[in-house]
Structures are given as C-alpha cells and as structure tokens.
Amino acid sequence: MFELLGIPPQALFGQVLLGLINGSFYAILSLGLAVIFGLLNIINFTHGAQYMMGAFVAWMCLNYLGINYWAALLLAPLIVGIVGVLIERFLISRLAHLDHLYGLLLTFGLALIIQGLFRNNYGSSGLPYQIPPQLAGGHNLGFMFLPNYRAWVVIASLVICLATWFVIEKTRLGAYLRAATENPTLTQAFGINVPLLVTLTYGFGVALAAFAGVLAAPIYSVNPNMGADLIIVVFAVVVIGGMGSIMGAIVTGFGLGLIEGVTKVFYPEASATVIFIIMVLVLLVKPAGLFGRPA
Amino acid sequence: MADALSADVPAGGLAVTETTKGTERLHRAIFIGLAVLVAVAPFVAYPVFVMKVMCFALFALAFNLLLGYGGLLSFGHAAYFGMASYVSAYTAKNWGLTPELAILSGTLIAGLLGAVFGSLAIRRQGIYFAMITLALAQMVFFFSLQTPRFTGGEDGIQSVPRGKLFGLISLADDKALYYVVAVIFMAGLLLIYRIIHSPFGQVCKAIRDNEPRAISLGYRANRYKLAVFVLSAALAGLAGSTKAIVFQLASLTDVHWSMSGEVVLMTLVGGLGTVFGPIVGALVIVSMQNYLASLGAWVTVVQGVIFVICVMLFREGIVGVISRAIKRPL
C-alpha cells in the first residue's frame, strides 16, 4: 500500500468521496437557487427547509404509507414542488413589485415556520432512514471501499444537474425561460405566459431541493435542522460561483465539496470554514464571482 | 432604481427626511418621555427584563442604522453582537477588567470586525450583500464553536462578574446596573439620532436612494457605506457587550444566525427606517419570547409567522404606521 503525505489512501479517498457527496448537494441546491434567482430575482431562503421537507416526505412515505425509496425519489420532489407552487402563487408573487429584499425576508420567515413545525412534531434528534436494499453493500476498488449508495448519490446528482443544464440551455422551454430571465415584459409580449413560467420555475427549483433531500436521507439522519446550516454554506457557494451560469453553479458546487473533503484530511480544523475562506478570497480577487457577470 | 433615476426627488423621500421645527420639538418630547419612562421602569417592571429590552433595542437600532439609512441588509449582525459579548465576558472574567473597560473592548473588537467584514461585503450589492454577511457571520459562529479555550464552546462563558464601575461602584445590585445600562442605551440612541441627522447621515440616505447619482455628485459611496457599516457593527457590539455583563453570560446563541434573524424581525416589526421603531420592535419581540418561553420550538414558528405577516401586510411596522397617521417622521 502506498501513502500520500503520511495519509493512508483509505482515509484520503473516503474523504474525497464524502466531499463529492457534499458537493452533489451543494451543486443541486445552488442550481435550484440560481434557477429561481434568474427568473424571480429573489434568494429563496426556504431552500434549506425544502431540502429538509424532501427528506421528511420520503421518511413519512416509508413509515406511514410503506412507499419505498424509489417511489419517494419521484413523489417527494413532486409534493414539495406543489407546496412551493402554492407558496409562490399566494405569497411570493405578491411581492414581485417590491424591493427584492422583502422576498428574502418572507422566505426566511417561511423557513422558520417550516423548521419550527417539524421540530415540534419530530424533535431534533434525527430519524433513521434505511439505505434501499438494491444499493446496500459496496465494492472494494483495491485502493478504497466504495459503498454503493454513495456512488449512486454522486451519479444521480450529476445526471439531474446535467439534465437541468440540458433543458435550460438546449430546449425550447429553456429558451423561453432564458428569454423571460433576460426581459420578462418583451417575452410576455411574444405570447408566453411569464407568470405561469415563474410559478413553475419556483416549483422546479424547490423540487430540486427536495430531490437532494431524499438523496441525503439515508446518509445523514432525517433531521428538522438538516437544511438550516447547509443553506448558509450553499449561499457561500452561490457567492463564489456567481448565479449567472447554470454550468458554473454545478462546477462550483462539486469543486467546493471536493475541496472541503480534502481539507478534512489535511487540516480538519478548517473543514467547516474553508468554503467561507474561499468566498473571502474570491470576493477580494473577483468580486462578481468565478462565473458571474459583473453587474 | 430606474424610476428613482428619472425623478428629481425620490417620491415621498423628502416628506419623510425633512426635519421641520415641529418635528424637532416632537422628537425632543419623545426623547424626554423615553428618558422618564426608562427612569421609572425598574420600579414598575422587572429590572432585568427592562435591561434585556434595552440591550436588544440598542442592537436593533444599530441594525436599523445600516438597513434603514444605509440601505444595506446585513444578515450577519449576530457576529458583531456575539463576538463583542464574548470579548466583554472574557476580559471581565479572565483579565479582571472593570465593566466599562470590558464593554469598551467588546465594542472596539466588534467595530474592527465590522471594518474587515464590511470592506468585503460592500464589494457586492443587494441580495449578494445579505448572503455574504450571513456567510461571514457563520464563519464567526464556527470559530466560536471551535475555540472553546476562548468561548467556552457549548457552555459559553458563564458567571461573568458584573464588577465595579470605574473600580468604585459595585454593579452586583440590579438597580445600580440598571442605571448604567439605561445610560448606555440612551447614549447609543442619541448617537444614532445624531448620525442620522448629520450631513454624513444625509449623504448615506442619498446613496441609499440613488447610488449612481450620489457618486456623480462626487461622494465616494463605498467609503460612506463602509463607515456606516463600521458604526452599525460597533453599536451592535456595544449592545452585545452590555448584554454579557447584564446576564453574566456569553454563549453560542449570541453568534448564531437565528440571532441575526431576530434583530431583523425586531426592526421590521417596529418599522424599518424609523428612528424609534426598533425600540418598539425589541419590546414586542422580547416580551413575546418571555411569555412564550415555555412553548419551546413554537417560538420559532410564531416568529416565522410574524415575519410573513409583516412582510405581506405590515411592511411599515408599528412606528411606521403611527408616523404616517400623524404625518411626521419618527
């Protein structure tokens, strides 16, 4: 067996994998934030709570209705997405004419309500969620042990991210979306129902968060607070990447997850703050963000 | 921004910022009324409760200075409040500093932290500004969590001595401490009032309403933004340091993001961009927390509901509504 700078490869690759998994969640969540921000011009503070709701809906499906993981992977984003559509229709859309900061405050309030309600019902100790039997176990790759479920999380996130990129950048629907982002009034004048597009976009962004939540459920326990701290890290990811580009959000998310994982091996004390430190450096060197367009 | 550019005077802006003789007299009356209220409060209410309200009111006033008059929404003000609270508690307990020096050192550190974070955050605007301040504050939270030698980790710094003011007057008695806190609170309020109504404050408001125009008039917008940021951080630090001495405790709660959210809520309830609103907001929210303390996580839900109601239906806040009714800026 070889060693790298005194670190056994098992530990190194284990953390790299864990970093990639965190990176998957950063990528999906920052992607959702970027899509929502593009069209609604608000930062969705409820995103972390919606990620948590995704995990909880999967847990409820399994424990109350006996619906398995695979069905929950479709159902949870759908349910949370519908809740998101209602939130957009009845609350967020009424603030469209105001300063965007009110959208931030509204979604922050909603996040408090959702997290508080789940904490009241389920406590904050966390509930276990079994890895689906098809993905239990793992493979020995020689240099490391690869649990099947973790490999699946990385692959599934990559697929969903690239699919989102494809829809937005390469299809007609995506073209409408980009047009509405660029100039909503003109797009509406061409006969496209922009308010509907806005609602569906919010629902889609929220569904992405819920999808990430279901993926996360078997890895981290299902916990009402699971989204609260994560969303702040994702905010830093978004500041680093800039919200101008879909691919930028994906690359930044995975990249920062990796960096965080490697930091955990070489200098564990800094692993919680490394993303914030990178944010500071990026702000000093390239204030608009790595993929951002200068305002 | 676009319609503000085309208008010579921002709509409604003049009416609100104009300080007439009558308004000045009204404000003076409010100040005197508030001073009397603060002086008699410990005889009718529980002094520790009133001190808590004053600390949080000062915190909200500091936050409102930045948001209401600088137009900058910081979602990380807990960093200055909490860090100052730690510094004040640490210096009072471990270095044996007298309370006024402990509070001063907390305030200074918060101001320094504000200078560093402010100069980073003002590089971006609007929503990004809020996200950056939140992320930087979270960094302070992790720092506090990981340096238990300084912060006491999960336990916080407990049983901080209240000490003797100037080394002479013991503050162990609640009444004695109360009047020190009252003086700090009134002085903070007066200072903020002066800042808002000074030429400096007027320029800040101009930048808030129309930054390109202020720049074209020759004002260095970023310097003003940074200055108001540092002032706000230092005053938030003053509130945090005082709080640490009053409750003899500095803990992770003070640096957590939920504290940043609470101060936003207080300001929103009281009235954004009003001078006296944050005081009313702090009174409402602190009282609510006291009465609902037994309900546990429901407090979070209630706070969230108040947030949503305020944003959807009640954006002017309590003092904002009164101000509109009597047609005078408050």
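Visitor: Which residues line the largest cavity?

Guide: Rolling a probe the size of a water molecule over the atoms shows where empty space is left. On a 1 Å grid over the protein atoms alone, a cavity is a set of points where a 1.4 Å probe fits but cannot get out, and lining residues have an atom within 4 Å of a point. Here the largest cavity is lined by Phe45(A), Gly48(A), Ala49(A), Phe108(A), Ala111(A), Leu112(A), Gln115(A), Gly227(A), Ala228(A), Ile231(A), Ile232(A) and Trp257(B). In chain A, α2 (47-65), α4 (100-122) and α9 (226-241) are the elements that give two or more residues to this lining. Helices are DSSP runs (H or I, at least four residues), strands too (E, at least two), numbered from the N terminus.

This is a predicted model, where local features need pLDDT of at least 70 and side-chain atom pairs count only at pLDDT 80 or more, while totals for chains, interfaces and linings use all residues. Residues are numbered from 1 along each chain as its sequence is written, chains are lettered from A and ligands numbered from 1 in the order in which they are written, and side-chain values use heavy atoms, with hydrogens and water left out.

Visitor: How many nonpolar, polar and charged residues are in that lining?

Guide: Ala, Val, Leu, Ile, Met, Phe, Trp, Tyr, Cys and Pro count as nonpolar, Asp, Glu, Lys and Arg as charged, and the others, Gly among them, as polar. This lining has 9 nonpolar, 3 polar and no charged residues.

Visitor: How much space lies in the second largest pocket?

Guide: A pocket is an open set of points with protein on both sides within 12 Å along at least five of seven lines. Its volume is the space filled by probe spheres set on the points, which are joined across faces, edges and corners. The second largest pocket holds about 780 Å³. Thr253(B), His256(B), Ser258(B), Met259(B) and Glu262(B) are the closest to its centre among its 30 lining residues.

Visitor: Which helix gives the most to that lining?

Guide: That is α13(B), with 6 residues. By class, the pocket lining has 13 nonpolar, 11 polar and 6 charged residues.

Visitor: How many helices and strands does chain B have?

Guide: Chain B has 16 helices and 2 strands. Its radius of gyration, 19 Å, is close to the 20 Å that the globule rule gives for 330 residues, so chain B is as compact as a globular protein of that length. That radius is taken over C-alpha atoms, and the rule is 2.2 Å times the number of residues to the power 0.38.
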